[in-house]
Amino acid sequence: MRKNFYLVPELNHMSQEEIRRYQEKKLTKQMKYCYDKSEFYKRKFDDAGAKPEDIMTIDDLRKLPIFMTKDDERRSAEESLQKYGHPFGLHVCAPVEDLYLTGTTSGTTGTPTFSYTFTEKDMNFFGRQIGNRLSMAGVGKGDRVAFFFALGIYATTMTLWGLRGLGALPIDIDARAGTDLLLKFMHLTRPTYLACTPSLAEYLITKCTEVLGKEVKDFHLRGLLTTGEIGIAIPEIKRKLESAYGCRAYDYWAPAGNAPGTSCDSEEYYGLHAIAPDVCTSYDDLVDPMTKEPVDSDVDGAIGEMVHTSLEREACPAVKYAYGDTVQIFTKECPGCGFKGKRAKVIGRADDMLIVKGVNVYPNAIKDIITSYVPDVTGEMRIVLESPPPRVLPPLRLKIEHGKDIGQSALTGLADRISAALHNTLKIRPDIEFVEPGTLPKETRKTPIFEKKYEPK
Ligand SMILES: [Zn+2]
């Protein structure tokens with residue numbers, strides 16, 4: 001079992017209580033920095049009637065209102081573009097000429113916000129933190145990591161720093177080059193790890209046979225590093241990937257550079273481990289996704305939207321940033337690896353949440369249940385929405401691909417069983433429509449969960 005989870009050696013000898021005191025020491029200093037350096041944060045503190053020096057503990061921090069959502073960030077970016085001619089936002093704290101790396105997650109839709117913007121000092125700090133997280137998956141000197149995301153201005157770029165810091169060689173292949181080229185490059189360069197989205201890893205299982213005439217397990221990878229969507233948190237997907245590739249699948253995560261976490265080397269999925277408490281307080285600050293009222297995150301099993309506050313960041317620190325990810329927190333020691341800090345399982349985007357007859361339903365929770373019926377279903381599904389979420393007029397409509405070997409006559413019974421399972425667990429009674437296997441389009445980037453029947457706003 002791993003002993004030292006944290007990058008800063010002294011943290012490895014501390015109790016969770018001592019780690020919290022360590023975070024609090026950094027917290028007040030960071031709050032003061034944000035107040036002094038950014039007109040956005042100064043305004044937010046002033047509006048809340050708080051002074052940065054009042055924020056001495058995590059509890060003080062929890063009492064502050066939300067300072068920023070993605071919409072606020074977008075507005076802040078628009079304002080700074082008009083006022084100062086740069087898109088990094090009024091919440092940027094470092095002088096713009098000191099920016100060293102920038103990245104975004106927004107792609108083709110909407111105005112991108114550059115949440116992944118760092119100074120050189122930030123990048124050195126984050127690079128080492130990312131390296132420490134990837135070392136949870138065993139990545140180290142001499143490893144070759146096929147890295148398949150859309151690069152350039154994308155958030156994933158910063159992971160390359162972490163890989164290089166470990167002495168590993170990233171083989172970065174732009175996702176826009178297509179999967180045929182990725183497979184050919186993998187064949188040539190013989191990587192020991194593959195980093196990509198879980199849906200792409202799944203897609204490659206059949207694609208590899210078509211393109212190279214061999215199976216993905218013939219790559220003899222030591223691990224799969226997945227990120228960007230909820231994948232291996234679903235037991236059926238983790239099992240499928242691990243058996244096809246013949247290695248462990250991990251996920252790693254850091255929305256806007258906050259809440260860094262990695263899953264551990266274990267048969268079962270035990271969530272993202274909070275192995276970077278010196279980076280932010282995300283695992284300790286949760287709110288209800290709808291009301292934004294605080295939720296006690298020190299209780300095992302607590303569910304809420306994560307609120308990010310950076311503890312050591314110069315360029316674009318987050319302060320009370322509700323980024324939109326809803327998680328479930330686990331506070332007990334990890335049965336898989338013995339990690340004693342908090343763990344989190346992402347259960348959905350706050351803006352993906354549906355409300356069916358007053359009950360909060362996360363699409364991922366539905367998918368989790370549906371995939372437990374593989375091979376009677378393929379695991380591909382869509383939630384059909386007639387009007388914009390979150391409210392759904394019952395019944396909730398599901399389109400599910402049935403498995404290739406199940407006869408038409410067995411489908412009614414299968415629909416009844418799925419429906420009963422969804423009712424028992426999630427209190428919804430859906431309307432299920434089966435479609436032929438392979439008819440729901442698969443995307444290499446992120447496969448959508450909704451089929452929207454309404455006109456976008
Ligand atoms: Zn663990």
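Reply: Two strands pair if DSSP finds at least two bridges between them. Helices (H or I, at least four residues) and strands (E, at least two) are DSSP runs, numbered from the N terminus. This is a predicted model, in which local features need pLDDT of at least 70 and side-chain atom pairs count only at pLDDT 80 or more, while totals for chains, interfaces and linings use all residues. Residues are numbered from 1 along each chain as its sequence is written, and side-chain values use heavy atoms, with hydrogens and water left out.

Me: How many helices and strands does the chain have?

Reply: There are 11 helices and 21 strands in the chain.

Me: In what order do the strands of the open sheet of 3 strands stand?

Reply: Strands of a sheet pair through backbone hydrogen bonds, either parallel or antiparallel. Here the order is 16-15-18, and the pairing is mixed. Strand 16 (359-361) and strand 18 (391-392) are at the edges with a single partner strand each, so one side of each lacks a neighbour in the sheet. Strand 15 (residues 354-356) pairs with strand 18 in the parallel sense over 2 bridges, and I355 stands opposite R391 in strand 18.

Me: Why is strand 14 described as largely enclosed by the rest of the structure?

Reply: Buried means under 20% relative accessible area (1.4 Å probe, protein chains only). In strand 14 (residues 343-349), 5 of the 7 residues are buried, so the strand is largely enclosed by the rest of the structure. For the chain, buried residues make up 55% of the 457 residues.

Me: What radius of gyration does the chain have, and what would a compact globule have?

Reply: The radius of gyration is taken over C-alpha atoms, and the globule rule is 2.2 Å times the number of residues to the power 0.38. With 457 residues, a compact globule would have a value near 23 Å, and the 22 Å of the chain agrees. Along the principal axes, the C-alpha atoms fill a box of roughly 70 × 55 × 45 Å.

Me: What share of the contacts joins residues 24 or more positions apart?

Reply: Contact means heavy atoms within 4.5 Å. Of the contacts in the chain with a separation of 6 or more, 67% are between residues 24 or more positions apart.

Technical notes:
Buried means under 20% relative accessible area, exposed over 50%, partly exposed in between (1.4 Å probe, protein chains only).
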